[in-house]
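I'd like to walk you through one structure today, so let me put it up on the screen.

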Amino acid sequence: MSKAGQINYKGINTQAFAALSLFLQNVNRADFQKMILEGVKLEDFVLVYNSGKRIICESKYRKNGVGHAELKS
């Protein structure tokens, strides 16, 4: 497999892990309705709550990870 193919798989695996993690963190919440995978606007996944609140999630694989200083509030 080429290096580009390996990086592509890492990105897909990272996205799947993030989606599964957030799903498991929310599945027992009374207000959690569903998770939409690969949304219409090409979102990686969207968490949907009964109140109408939607959290759009994008995941990216980064070779060096993300440090606290790089996070935006």
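So, let's begin with burial: of the 73 residues in this protein, buried ones make up 22%. Before I go on, please keep in mind that this is a predicted model.

Now the overall layout. The protein has one helix and three strands, and if you read from the N terminus, the order is α-β-β-β. How does the radius of gyration look against a compact globule of 73 residues? Such a globule would come out near 11 Å, but this protein has 14 Å. As for dimensions, the C-alpha trace spans about 45 × 30 × 25 Å along its principal axes.

Okay, on to the aromatics. How many aromatic pairs does a search of the whole structure find? The search turns up two. Take phenylalanine 23 and phenylalanine 32: their ring centres are 6.0 Å apart and the planes sit at 70 degrees, so we call that pair edge-to-face. The cut-off you need here is that planes over 60 degrees apart count as edge-to-face.

Are those two phenylalanines buried or exposed? Well, phenylalanine 32 is buried, with a relative accessible area of 11%. Phenylalanine 23 has 33% relative accessibility, so it counts as partly exposed. For reference, buried means under 20% and exposed means over 50%.

Then there's the other pair, phenylalanine 32 with tyrosine 49. Here the ring centres are 5.7 Å apart and the planes are at 70 degrees, so this one is edge-to-face too. What I like is that this pair links distant parts of the chain: phenylalanine 32 is in strand β1, residues 32-37, while tyrosine 49 is in strand β2, residues 45-49, and the two are 17 residues apart. Both phenylalanine 32 and tyrosine 49 are buried.

Tyrosine 49 has another neighbour to look at: lysine 53 lies over the face of its ring, at 5.9 Å from the ring centre.

Last stop, the surface. Which residues form a nonpolar patch there? They are Leu20, Phe23, Leu24 and Val27, with about 350 Å² of accessible area together.

Technical notes
Residues numbered from 1 in each chain as written. Predicted model: local features only at pLDDT ≥ 70, side-chain atom pairs only at ≥ 80, totals over all residues. Heavy atoms only, no water. Patch = residues over 30% accessible without salt bridge, like charges linked within 9 Å, V, L, I, M, F, W, Y side chains within 5 Å. Areas by Shrake-Rupley, 256 points an atom, 1.4 Å probe, with all protein chains shown as cover. Salt bridge = Lys/Arg side-chain N within 4 Å of Asp/Glu carboxyl O. Phe/Tyr/Trp six-rings, centres within 6.5 Å; stacked < 30°, edge-to-face > 60°. Buried < 20%, exposed > 50% of the residue type's maximum accessible area, 1.4 Å probe, protein only. Helix = DSSP H or I, 4+ residues; strand = E, 2+ residues; numbered from the N terminus. Lys NZ or Arg CZ within 6 Å of the ring centre and 35° of its normal. Rg over C-alpha atoms; globule rule 2.2 N^0.38 Å.
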